[in-house]
Amino acid sequence: MPSSPLQTTTESHNHSLKNGERYAEGINWDDLGFGLIPIDYMYTMKCSDRENFTQGQLSPFGKIELCPSAGILNYAQGLYEGLKAIRTEDGRILLFRTKENALRMKMGADRLCMPSPSVEQFVEAVMQTVQANKRWVPPPGKGSLYVRPLLMASGCNLGLGPGKEYTFVIYASPVGNYIKGRAALNLFVEHVYHRAAPGGTGGVKSVTNYSPVYQPLTQARAKGFSDILFLDSETGKNIEEIAAANIFILKGNVLSTPTLKLGTILPGITRKSIIDIARDFGYQVEESVIPVEDLLEADEAFCTGTAVIVNSVGSVTYQDKRVEYKTGEGSLCQKLYETLTGIQTGRLEDKNGWTLEVN
Ligand SMILES: Cc1ncc(COP(=O)(O)O)c(C=O)c1O
């Protein structure tokens with residue numbers, strides 16, 4: 001039976017960190033999954049609909065109290081973000097492009113009629129949360145501290161309309177690989193259900209975008225697929241993204257990813273970074289409308305996201321057709337993964353100023 005991450009301690013990692021600090025005890029750092037491990041502190045900041053956020057604070061990790069008629073519970077007025085704090089070989093802790101998460105939250109908050117923390121407040125709150133929970137940032141190479149900022153209508157409001165009080169919360173958990181062993185994904189192209197429509201909320205991290213995916217995802221998993229790839233809802237002919245990651249396809253020297261122009265695809269921060277890295281490598285990168293046929297004829301396909309990082313697609317099944325792709329050593333996916341994680345872990349030079357050290 002696989003051991004729970006909370007059951008055993010890997011002594012070799014339980015040595016002191018800088019300044020005599022120690023890693024959290026009782027964690028098997030070699031066996032982290034992607035589940036919630038309750039840690040020391042969370043961060044909370046509140047404001048009314050007539051104010052801006054001003055001052056937040058850390059408190060012990062625990063439950064939050066909500067009015068039963070809170071906008072988040074009744075009308076799903078809420079957004080989330082996801083980012084990682086990573087420990088470098090020399091014991092520092094790095095965040096990756098945190099300002100981009102802050103900007104994306106602001107964009108989503110505008111769409112959902114919510115006040116949002118300023119970029120500075122967001123970054124400062126993430127820094128404080130990670131700083132307070134340093135001992136939970138896994139040893140180098142063992143995973144990361146996944147940081148989850150949430151913004152929600154938390155006050156009581158019965159009628160349909162923007163809430164009167166908002167809460168910004170950040171919690172975090174040590175996590176390992178999102179996909180066990182970084183196994184190549186076997187994607188099912190979903191042609192019945194859709195994730196997003198033009199004019200909807202697919203382009204922001206609204207909480208409403210996620211649970212509607214469960215039904216097709218559960219059905220696909222029951223058939224042995226690892227994830228689903230959505231098609232656009234207008235024509236049903238073009239690929240968009242998977243449940244919580246963006247997709248790229250490679251054909252020759254051209255790397256393509258679906259365009260964000262329709263507002264139906266989440267503008268992934270990993271996606272944006274991979275576009276820059278691939279261009280640096282000399283690939284022609286295109287953001288365009290991609291018919292499903294192009295995917296079926298690609299040399300390689302891979303997904304990108306904070307959780308999956310850069311993960312190869314091993315096969316795609318569309319209606320009754322299944323195609324396989326190049327994966328592993330020598331693939332572009334592997335090269336991009338090495339480079340991106342090299343920057344995120346401080347192994348490679350960060351020429352673009354993407355990382356931020358937590359002191
Ligand atoms: C729907 C969706 N697409 C793409 C992504 C990837 O975005 P990022 O690279 O910013 O994590 C995510 C994850 O946040 C997501 O939920």
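## Strand E15 and its partners

In strand E15, Asn311 is the bridge partner of Cys303. The model is predicted. The link from E14 to E15 is a hairpin through 3 residues.

Phe188 has Thr317 of E15 as its bridge partner.

A further pairing joins E15 to strand E16 (residues 321–324). The two run antiparallel, with 4 bridges between them. Val316 stands opposite Val323 in E16. E15 and E16 form a hairpin with 2 residues between them. Gln319 lies in that turn and has a positive phi of about 50°.

In a regular strand, side chains alternate between the two faces of the sheet.

The domain assignment gives domain 1 as 11–176 and domain 2 as 181–344. Their centres, taken over C-alpha atoms, are separated by 26 Å. At the contact, 19 residues of domain 1 meet 12 residues of domain 2.

Which elements of domain 1 each supply at least two residues of the side that touches domain 2? They are strand E3 (78–80), strand E4 (83–87), strand E5 (93–96) and helix H2 (98–111). H2 gives the largest share, 6 residues. By class, the domain 1 side divides into 9 nonpolar, 4 polar and 6 charged residues.

## Helix H2 against helix H3

H2 also packs with helix H3 (residues 119–132). Two packed helices are described by the angle between their axes and the distance between the axes. For H2 and H3, the axes come within 9 Å. They cross at roughly 125°. The crossing of H2 past H3 is right-handed.

On the H2 side, the residues in this contact are Thr98, Lys99, Ala102, Leu103 and Met105. They meet Val119, Phe122, Val123 and Val126 of H3. The contact of H2 with H3 has 7 nonpolar, 1 polar and 1 charged residues.

Technical notes. Residues numbered from 1 in each chain as written. Predicted model: local features only at pLDDT ≥ 70, side-chain atom pairs only at ≥ 80, totals over all residues. Pairing = 2+ DSSP bridges. Domains from an automatic or database assignment. Contact = placed C-beta atoms within 7 Å. Nonpolar A, V, L, I, M, F, W, Y, C, P; charged D, E, K, R; others polar. Axes fitted to C-alpha atoms, helices over the stretch in contact; angles between N-to-C directions. Left-handed = near helix turned anticlockwise from the far one by under 90°.
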